[in-house]
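Here is a walk through one protein model. Keep the sequence and the 3D view open as you read.

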Amino acid sequence: ASVDSKWVDPIMEFTEPLREARGEQLEEYTIASACSGFCAEGKGLPKLGVRTRFLWYMDPKTMCYQFLRVNGERDAHHFVDLDEVSKLGRGFCLRHGMVCIAVAPAGAKLRSYLCGFSCTPYSTAAPSRDEGTESHAEAHLWESYVREIKRTDPDEAWGENVMGIAKRESKVDSVSPIQKMVEACAVELPQMHLLVFFVCGRTFGPMVRRRILVHLLHHRRGGARAHERMSNWMQVCLFE
């Protein structure tokens, strides 16, 4: 069986009634990506029939830049520092070898912002996890992403991380990082409704990848009411 038959075909079959009700896609879906990694969304969405345009990627790792230079969109910027861009609206771009601005081009609207912010502070594989995450060198990336959402005002935003983000902060702090993030978003992003998905993903073979997805949806795109419909379609599980 082809790779597509294992995941593309079931998704297309399941979502067919929804896609028919929505009708044809009228314009490219403009996306920005932070902590991009290899940006699998750039390959997965077209397979699902979604026409996309990535405005920029953002990742300091050389291997990510080299991969996306070959496999990503050639006109997309590739910024290095999420914290810098979120504060200044510009940053050094590897694609152009200079400081570029991070804004949607005239006539375009940023529809979606994707971010797989660092899992290193929250991973239960780290012996120091029970000592807390807030002092970790990469713990600020979530705050930078929230600031970036405020700056760019997308229709929706996705944050992805490991299950350790739902574990208590430390031995002396019972409030989990994800709970603190939810509370912070209510203050910093009141124009967006937040929904947390728990996903039990599986790759080929024995590896199980349990993940948490934080979805922020702007009220102009339906907010809480749209999230109710969305949760009826996106059925996920924490355990098999």
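**A walk through the model**

Asp153 counts as partly exposed, because its relative accessibility is 26%. The cut-offs are these: buried means under 20% relative accessible area, exposed means over 50%, and partly exposed lies in between, with a 1.4 Å probe and protein chains only. Asp153 lies in the loop between α6 and β7 (156-162). Its phi is positive, about 55 degrees, although Asp153 is not a glycine. Helices (H or I, at least four residues) and strands (E, at least two) are DSSP runs, numbered from the N terminus.

A word on the source. This is a predicted model, in which local features need pLDDT of at least 70 and side-chain atom pairs count only at pLDDT 80 or more, while totals for chains, interfaces and linings use all residues. Residues are numbered from 1 along each chain as its sequence is written, and side-chain values use heavy atoms, with hydrogens and water left out.

Now turn to the strands. Start at β1, residues 29-34. This strand is largely enclosed by the rest of the structure, because 5 of its 6 residues are buried. β1 is joined to strand β2 (residues 52-58) by 4 bridges, and the two run parallel. Two strands pair if DSSP finds at least two bridges between them. Thr30 stands opposite Arg53 in β2. Ile31 has Phe54 of β2 as its bridge partner. β2 is mostly covered too: 6 of its 7 residues are buried.

β1 also pairs with β6, in the parallel sense, over 4 bridges. Here Ser33 has Leu114 of β6 as its bridge partner. Look along β6, residues 112-115. Ser112 and Leu114 point one way, Tyr113 and Cys115 point the other way, and all are buried. β6 pairs in turn with β7, again parallel and over 4 bridges. The bridge partner of Cys115 in β7 is Gly159.

Next, the nonpolar cores. In soluble globular proteins, nonpolar side chains tend to be buried together. A nonpolar core is a set of buried Ala, Val, Leu, Ile, Met, Phe, Trp, Tyr and Cys residues joined through side-chain atoms within 4.5 Å. Which residues touch the most other members of the largest nonpolar core? They are Tyr113 and Phe117, out of 35 residues in that core. Helix α6 (residues 140-152) gives the most to this core, with 5 residues.

Go back to Phe117. Leaving aside neighbours within four places in sequence, Phe117 is in contact (heavy atoms within 4.5 Å) with Cys35, Tyr122, Leu141, Trp142, Gly159, Glu160, Asn161, Ile165 and Met181. Two of these residues deserve a stop.

One is Leu141, found in helix α6. Is Leu141 buried or exposed? It counts as buried, because its relative accessibility is 15%. Not counting residues up to four places away in sequence, Leu141 touches Cys35, Leu82, Phe117 and Ser118. Its C-alpha atom is separated by 14 Å from that of Lys180, which is 39 residues apart along the chain.

The other is Cys35. This residue is found in the loop between β1 and α3 (41-47). Cys35 is buried, with a relative accessible area of 18%. Its phi is near 50 degrees, a positive value in a residue other than glycine.

Now find the second largest pocket. About 280 Å³ of space lies in it. It is lined by 13 residues, and the closest to its centre are Ala139, Trp142, Glu143, Lys180 and Met181. On a 1 Å grid over the protein atoms alone, a cavity is a set of points where a 1.4 Å probe fits but cannot get out, and a pocket is an open set with protein on both sides within 12 Å along at least five of seven lines; lining residues have an atom within 4 Å of a point. Grid points are joined across faces, edges and corners, and a volume is the space filled by probe spheres set on the points.

α6 and α7 (177-188) each supply at least two residues of this lining. The largest share, 5 residues, comes from α7. By class, the lining has 7 nonpolar, 1 polar and 5 charged residues. Ala, Val, Leu, Ile, Met, Phe, Trp, Tyr, Cys and Pro count as nonpolar, Asp, Glu, Lys and Arg as charged, and the others, Gly among them, as polar.
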